[in-house]
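Student: I have a structure open and want to work through it. Can we take it step by step?

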Amino acid sequence: MASSNSGGSISDRQHIAQQRLKIIAGHLQRPTDGGSAILPSECKAQGSKPDASSERKTVPRRRQEIMKWNGWGYNDSRFFYNKKGQAEFTGKRYRLSGQIIPGLKDWMESTFGSSLQHKSTATPILNSSAVPPPILNEAFVEELKSTGIPFSHEAEDRVFRAHGHCLHEIFALREGKIGRVPDMVVWPNCHNDVVRVVELSCKHNVCLIPYGGGTSVSGALECPPEETRSIVSLDTSQMNRILWIDEKNLTAHVEAGIVGEELERLLNESGYCTGHEPDSMEFSSLGGWVATRASGMKKNIYGNIEDLVVHIKMVTPRGVIEKNCQVPRMSTGPDIHHFIMGSEGTLGVVTEVTMKIRPLPEYQKYGSVVFPNFEQGVACLREIARQRCAPASIRLMDNEQFKFGHALKPQVSSIFTSFLDGLKKFYITKFKGFDPNRLCVATLLFEGDREKVLQHEKQVYDIAAKFGGLAAGEDNGQRGYMLTFVIAYLRDLGLDYYVIGESFETSVPWDRVLDVCRNVKERIVRECKEKGVQFPALATCRVTQTYDAGACVYFYFGFTYRGLSDPIHVYEEVERAARDEILASGGSLSHHHGVGKLRKKWMEETISTIGMGMLKSVKDYLDPNNIFGNGNLL
Amino acid sequence: MPSKTIYSHRDPMLKKRDDFEDILEERRNSSDLRYALRCYTPVLYKGVPPIKASMLKSMVLQSGQIRYIISQVSKEMGRANDDILEEASAILDEMAQRLQLSTVRFFVFTLSKVFKILFRNICVNEEGIQRLQQAIQEHPVVLLPSHRSYMDFLLVSYIMYTYDLALPVIAAGMDFIGMKFIGEMLRMSGAFFLRRSFGGDKLYWAVFSEYVKTMVKNGVAPVEFFLEGTRSRTCKSLTPKLGLLNIVMDPFLKGEVFDISLVPISISYERILEEPLYARELLGVPKPKESTSGLFKARKVLNEDYGSIHVYFGQPVSLRSIAEGRVNRCQFNLIPRHIPRKPSEEIHNFVNDSAYRLVRAQEENMVLKPWALLASLLLQNHHQDQKMEQTQGIALDKLTEQALWLRDVSRQYGAFLLWPDHMPPSEIVSSSLSLHQGLVRISEGRVHLPQGAVTPEEELWSQAVIVLSCASYRNQAMHIFLRPALLASAIHAATSNKKQEVFNTFSFLRNMFSNEFILCPGATVQDFEEACYLLMKTGALQASQQELVVTEKGHRTLAFLTSMLDPFLQGYQVVCRFLCEEATENLTEKQFIPSIRKFIVKLLLSGSLRYTEVLSFDLQKNALAALLRLGAVQKIKGVLVIVWLLKQISNLCVCLGGKLPTQNAVIARL
């Protein structure tokens with residue numbers, strides 16, 4: 001563990017992580033479920049604890065005890081307006097926790113025209129009578145009981161696994177509307193449990209929907225309303241062991257239910273990391289990453305999931321699929337991993353994965369650069385990509401998002417800091433002549449050994465300078481990354497005040513980055529206006545990843561829906577129009593969120609009819625009876 | 001069956017049009033100099049300040065497209081890249097505008113003086129200006145004025161200056177550059193010049209299109225060009241040219257701008273400056289080469305009264321909204337956008353349809369003066385007289401009565417007619433006649449066109465000049481009557497009243513004339529329905545499920561309408577006859593016009609043809625184009641080869657004459 005460096009950044013981050021973990025641990029120590037003691041013995045035996053000394057932190061089966069049933073994240077963390085009308089973030093988990101955010105109210109009011117007077121409260125607790133009674137396949141239940149694999153058909157458990165985090169899903173929950181939900185939840189404890197559950201499902205014709213972290217934003221977890229069979233949600237959360245670490249090959253064999261943050265924590269204890277850090281890593285699972293072709297913030301160093309995976313074990317209705325070796329590359333026909341990655345739970349359940357691991361980096365440093373405008377910023381990122389010297393992470397926020405980030409600055413404690421902030425602002429806008437309504441900021445994260453990081457940092461800042469970029473400090477950078485964890489919480493605050501919002505992403509070739517950003521933002525604003533939205537809409541974007549041939553662009557949009565009779569319909573139409581615009585401007589259907597059910601209608605034009613046929617034939621072979629019937633992708 | 005299709009009629013009478021303001025009025029009351037020097041602060045596209053000419057040049061030369069073409073040309077011709085780059089730079093220098101406010105101020109001053117002498121008023125719809133101002137801030141704007149006179153583009157810039165709008169850059173023909181001093185002046189007032197033909201010159205085309213695209217993309221200035229490509233000598237709208245429209249639409253189709261506003265502008269002249277020149281040109285006296293000294297010779301026009309000008313800025317058309325559902329923009333995703341590609345059929349059809357739509361929008365907002373109606377009536381009367389071989393003309397009060405009748409009809413057809421209702425009709429008629437005294441004679445209370453014996457050939461030509469000038473005013477009103485006139489002619493020519501039969505004939509005529517008039521491709525059914533609707537609305541026609549019957553009071557209308565189209569029908573018929581009777585084995589395209597002209601003169605002199613306007617080069621050219629399009633004639637290495645059997649052509653000829661039943665065989669061919 002090399003946190004001996006002077007830059008406080010890395011230790012800070014770890015500090016946060018540890019704090020979070022302490023809380024999770026606290027939850028875990030509570031006796032959660034009487035049945036949790038019944039574990040099949042063979043699985044227990046497998047649960048070896050390699051060099052790691054600390055215990056496992058498992059997501060409880062009754063997730064609703066620590067997490068919101070109708071919003072994002074932990075129950076204890078949320079934004080609210082205090083009596084003085086100032087925004088505050090509760091809890092202790094995050095850096096922003098317990099802080100007052102003075103600028104947020106004004107920003108919300110000026111951006112969305114929302115006001116504190118108009119509050120839309122969510123249904124506080126789940127009304128179990130609104131949940132349709134489970135359709136149970138008695139024979140299946142009987143046989144499942146005999147295996148000893150824990151399961152539940154309590155309403156709360158079922159509702160929790162009936163949704164991801166698309167706006168329409170959360171909105172419906174807040175209104176207390178419950179549609180088709182799984183009829184049962186099972187918690188297999190290991191690969192063999194999964195094999196058994198899948199076998200039984202095939203035998204009794206039960207529909208299985210794998211459930212990992214539940215962070216889907218593609219409607220992938222929604223139950224097809226027309227499904228008449230019993231739907232069983234297969235929750236992988238109890239399969240979260242690191243089975244072994246191979247230091248010679250730098251690989252780790254891990255059960256697929258492990259949550260990102262836990263995986264990193266456990267590996268860190270052995271001095272390793274995977275480096276895979278999607279924004280949802282607090283909650284999302286390894287199996288989910290594989291099933292959706294996830295991408296992590298630091299992919300520039302570690303790669304995306306497809307680069308990280310060495311071996312996958314998946315249970316399908318036909319049987320278990322895996323390779324017979326764990327090699328870096330092979331030429332043996334099309335890579336079967338690529339049938340699995342991105343299959344979105346339509347073919348089977350990923351149970352175990354061998355992943356590359358890396359020694360923990362010695363040094364981490366944040367940074368930021370201010371550009372006079374977005375065009376210059378994109379040009380700079382393009383040059384950095386051309387020279388292949390992108391830091392672990394580089395993100396470019398547009399002007400609206402820069403302002404948004406600014407609004408989320410916590411209250412400054414000392415006069416000195418606020419004086420410094422004022423001075424910085426003066427320097428940039430007055431002395432350097434940056435237009436505050438056009439400037440944008442890039443946030444950077446460097447990782448590696450100290451000397452190389454400093455060298456790298458200089459190289460990047462030199463390039464930035466050629467595009468008019470000014471270094472704007474570590475603090476701005478770090479705050480930028482912190483925001484990605486809390487921003488999901490912010491939507492719930494918006495929803496409390498009639499503001500609905502969503503994010504979506506795409507990948508674009510370099511020459512079209514600006515075109516896609518401009519056209520999509522303008523399309524959103526125009527569509528909102530045309531669809532009768534009475535308040536100005538927010539449309540903002542950031543470039544979040546750079547590649548040799550293009551970039552990943554992430555959009556946020558939101559608007560105040562007061563005065564609309566069917567806000568979700570309006571919102572869906574705007575989102576659809578935005579996706580049409582992306583495709584027409586040369587962007588992709590998705591960079592890392594996946595297709596789910598939300599983006600299915602564009603699949604055929606995206607991969608061609610023949611491509612669809614290829615995928616369908618794989619599905620038909622592996623799962624002719626549509627046991628994995630979540631209806632995603634195809 | 002056309003009647004089955006659902007087509008919602010928008011009653012043309014309900015079309016809402018803006019009011020006009022006279023911008024000369026203020027000029028007559030205040031100093032032109034102060035006006036020319038006043039503070040000019042236009043609103044700009046997205047508030048971005050204008051890009052300097054030198055900056056623009058380097059943007060063009062460094063663009064992906066130019067670099068691509070340079071390396072291509074260099075490979076093909078084995079020339080050094082730098083060499084070609086220099087050539088490109090020279091092309092750009094020759095082409096580029098160098099808009100300068102001082103020059104514009106000079107023009108504003110001079111034009112204020114000139115306009116006040118020449119015209120009574122210059123009327124502009126200010127609501128249109130407001131819409132344009134809004135559009136300029138939001139999206140790149142393309143101005144598309146109608147083209148009837150050299151005056152058009154100076155006039156548009158003048159108006160833009162007047163209303164504090166961003167000054168446009170204008171695509172102009174290279175012919176102006178010949179006018180040494182003036183050419184440069186125009187360049188400095190925003191004109192950029194393109195060669196009329198650059199056939200295979202890849203580099204030229206690339207530089208040119210990149211130059212225009214760069215200006216559109218960056219919203220440097222509103223880009224202005226003439227869809228019709230050249231001044232219409234006949235005052236009918238010309239079928240649109242697609243080249244520039246293709247270029248300006250490209251940045252939108254390739255996603256480089258969010259939207260583009262296309263603004264049709266209709267400029268109507270009560271009396272056209274070039275009036276006598278046009279008729280001569282149409283008769284084959286070549287167009288004088290633009291020269292500065294020529295311009296000074298033309299200054300005698302300063303002594304005449306040219307009435308008023310109406311400039312109507314139409315509703316900006318959002319390219320995005322007309323492309324919605326018609327163009328799949330994904331088609332540009334698979335090839336780098338800087339590599340020039342021939343537009344796909346989908347794109348071509350879209351651009352073509354849009355072009356027609358825009359020209360139609362120009363037509364719809366063209367202001368008609370009473371004189372256009374009078375000219376139509378006088379011409380019809382003239383032809384009637386010729387038939388009777390007399391020169392009695394028409395009594396003034398009868399003319400007034402007819403004009404009033406026609407006023408009501410044209411209003412019901414949706415004409416944008418400025419008829420001063422507060423004035424007694426006789427006064428309106430006489431003041432119109434006096435403005436155009438060169439074209440009419442009034443003797444003993446009767447009005448007629450100057451007319452002499454037809455025999456001596458010189459007389460024929462001088463009469464043709466008058467007739468063609470008159471016809472050009474009639475043509476201003478042609479788009480109002482065109483669809484009903486096609487229907488009237490179809491009813492006249494069809495064998496029965498059967499709706500289907502009439503529709504077939506209508507469709508045949510419409511197809512035949514689609515080079516002559518603005519008839520949107522693929523809108524046959526719509527046009528038919530519209531024509532039926534208008535004739536029924538005015539009580540000229542009754543329709544049952546199966547039949548169309550002309551009513552008692554409808555005969556007058558139908559007679560008028562068929563006479564409107566008759567010169568064209570006869571003209572096309574003559575062209576067919578010429579091909580049947582006179583065309584030799586190796587008639588080249590170049591010989592076509594002189595020889596057909598000879599043929600027509602012979603017919604006119606022999607008295608077997610009445611319409612002197614058939615001598616119009618424009619009509620002959622359009623007829624030939626139609627025959628080429630229909631496949632009756634083919635062009636092989638410049639030689640016109642008649643493909644159809646003579647019988648087929650003479651059938652066609654007969655159909656046009658409407659003397660025999662429309663033969664299904666011919667229809668089938670078409």
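Student: How many bridges join β16(B) to strand β17 of chain B?
Tutor: This is a predicted model. Strand β17 of chain B covers residues 639-642. It runs antiparallel to β16(B). The number of bridges joining the two is four.

Student: Which residue is the bridge partner of B:Val633 in β17(B)?
Tutor: β16 of chain B spans 633-636, and β17 of chain B spans residues 639-642. The partner of B:Val633 in β17(B) is B:Ile642.

Student: Which strands stand at the edges of the open three-stranded sheet in chain B?
Tutor: The order is β15-β17-β16, with antiparallel pairing. An edge strand here has a single partner strand, so one side of it is left without a neighbour in the sheet. The edge strands of chain B are β15 (587-588) and β16 (633-636).

Student: Now chain A. Which strands stand at the edges of its open sheet of seven strands?
Tutor: That sheet has the order β18-β15-β17-β16-β20-β21-β19, with antiparallel pairing. Each edge strand has a single partner, so one of its sides lacks a neighbour in the sheet. Those strands of chain A are β18 (470-471) and β19 (499-509).

Student: Which residue in β20(A) is the bridge partner of A:Leu396?
Tutor: β16 (residues 393-397) and β20 (residues 538-546) of chain A pair in the antiparallel sense. Two bridges hold that pairing. In β20(A), the partner of A:Leu396 is A:Val543.

Student: How far apart are the end C-alpha atoms of residues 178-360 of chain A?
Tutor: An unreviewed UniProt entry places the feature "domain: FAD-binding PCMH-type" at these residues. The span is 23% helix and 25% strand. Its end C-alpha atoms lie apart by 44 Å.

Student: On to the interface. What share of the area that chain B buries against chain A comes from B:Phe258, B:Arg329 and B:Arg337?
Tutor: The contact takes 16 residues from chain B and 13 residues from chain A. About 1,300 Å² is buried between the chains, with carbon and sulfur atoms giving 34%. On the chain B side, B:Phe258, B:Arg329 and B:Arg337 supply more than any other three residues. Their share is 44%.

Student: How many charged residues are on the side of chain B that touches chain A?
Tutor: Six salt bridges are counted between chain B and chain A. One of them joins the side chains of A:Glu581 and B:Arg320, at 2.6 Å, N to O. Ten residue pairs are in polar contact across the interface. By class, chain B's side has four nonpolar residues, four polar ones, and a charged count of eight.

Notes: Residues numbered from 1 in each chain as written. Chains lettered and ligands numbered in written order. Predicted model: local features only at pLDDT ≥ 70, side-chain atom pairs only at ≥ 80, totals over all residues. Heavy atoms only, no water. Contact = heavy atoms within 4.5 Å. Buried area = accessible area lost by both parts, 1.4 Å probe. Salt bridge = Lys/Arg side-chain N within 4 Å of Asp/Glu carboxyl O. Polar contact = N/O pair within 3.5 Å; in protein donor to acceptor, adjacent residues only side chain to side chain. Nonpolar A, V, L, I, M, F, W, Y, C, P; charged D, E, K, R; others polar. Pairing = 2+ DSSP bridges. UniProt positions renumbered as here; feature names shortened; annotations may be inferred.
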